[in-house]
Amino acid sequence: MCDEARCFKQEQMSLCVWYTVGLNTVERFLGFIDVFDEQDAEFLRLKRIRREPNRLNDFVLMTTTGAKEPNEVDNATAEDYFLVNAHFKVLDSIIVNLKKQFSTESLEVAESIDNFFKLNIEKSKFFINHYKDLLDINSYNLKSDITVVKNYSTLTTGKDDVSLENLKTCIIVNVYPNMYKLLQVALTLPRSSATCERSFSTMRQIKTWM
C-alpha cells in the first residue's frame with residue numbers, strides 16, 4: 001500500500017505493507033519517501049496549472065471546482081444555478097470516482113474472495129483462476145480440500161456456514177497446502193490506504209510546517 005501527501009516544500013509518499021504470519025495478518029509501516037526534495041516557485045506554479053482530467057471525457061465539462069472564472073450573470077434561477085454549478089458536479093464527481101475506485105474486475109475479485117471464505121468453489125473460481133498459476137495451485141486437489149474442510153466444519157460446528165476463525169483453525173499448511181496459500185492471499189487483498197493516511201497525520205503532529 002502506498003499513498004502520497006504534499007506540503008508547500010516537498011511531496012512525500014508513505015509506504016505500508018500488509019502480510020501474513022501463518023494465517024494472522026500483520027500491518028507494518030515502512031517509512032516515508034521524498035518524491036521531490038526541492039520545489040521552487042516556478043515548479044509549484046507549473047503544478048498548479050489545471051487541466052481537464054481524462055476521466056471527464058464522457059461529461060460536458062463547463063467548469064471545474066476551484067477554477068477561476070469571470071463573474072457571469074444570466075437569467076437562471078437560483079435553483080437552476082445551484083443544480084448546474086454544484087449539484088450535478090458533485091454527482092458527476094461521485095459517480096466517476098466510484099467507477100474508478102470499484103472497477104468491474106475489483107468487484108468481481110471481492111465477491112469471489114467472499115465466496116472463497118464461504119468455501120463455495122463455483123463462485124470463487126475468478127479468484128482461484130487468477131492466482132492458481134502464480135501460486136502453483138492444483139485445481140483438483142484444491143476442490144477435494146475444500147470439500148473435506150467444508151464437511152469437517154459442518155460436523156464439528158453443526159452449521160453449514162463456515163466462519164473465518166473456524167476456517168483458520170481447520171486449514172493446516174501441511175494438510176491443505178493449496179487452500180493455505182490461497183487463504184493467505186485472500187486475507188491480505190482487501191486492504192485500504194487508511195494506514196498511510198494515519199502515518200501522515202502522525203507525522204504532521206511531530207514535524208510541523210513551522
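Helices are DSSP runs of H or I of at least four residues, numbered from the N terminus. Buried denotes under 20% relative accessible area, exposed over 50%, and partly exposed in between, with a 1.4 Å probe and protein chains only.

This is a predicted model, in which local features need pLDDT of at least 70 and side-chain atom pairs count only at pLDDT 80 or more, whereas totals for chains, interfaces and linings use all residues. Residues are numbered from 1 along each chain as its sequence is written, and side-chain values use heavy atoms, with hydrogens and water left out.

## Helix H3

Helix H3 (residues 104–117) reaches 20 Å from its first C-alpha to its last, close to the 20 Å expected at 1.5 Å a residue; the expected span is 1.5 Å times one less than the number of residues. Its buried residues are Val109, Ser112, Ile113, Asn115, Phe116 and Phe117, and their cover includes H4 (125–131), H5, H6 (164–170) and H7 (177–188). Beyond four places in sequence, Phe116 touches Ser124, Phe127, Ile128, Ile146, Met179, Leu182, Leu183 and Ala186, contact being heavy atoms within 4.5 Å.

Ser112 counts as buried because its relative accessibility is 2%. A polar atom of the Ser112 side chain lies 2.8 Å from the backbone nitrogen of Phe127. Just after H3, Leu119 takes a positive phi of about 60°.

## Charged residues

There are three salt bridges, each defined by a side-chain nitrogen of Lys or Arg within 4 Å of a carboxyl oxygen of Asp or Glu. Asp114 pairs with Lys118 at 3.3 Å, N to O, and Lys125 with Glu122 at 3.2 Å. In the pair of Glu165 and Lys168, the closest N and O atoms are 4.0 Å apart; both residues lie in H6, three residues apart, about one turn of the helix. Glu165 is exposed at 54% relative accessibility, whereas Asp114 is partly exposed at 38%.

Asp145, in helix H5 (residues 139–157), is buried yet has no salt bridge, and the nearest side chain of opposite charge, Lys181, is 9.7 Å away. For charge, Lys and Arg count as positive and Asp and Glu as negative, while His and the chain ends are not counted. Beyond four places in sequence, Asp145 is in contact with Tyr176, Asn178 and Met179.

Conventions
Helix = DSSP H or I, 4+ residues; strand = E, 2+ residues; numbered from the N terminus. Polar contact = N/O pair within 3.5 Å; in protein donor to acceptor, adjacent residues only side chain to side chain.
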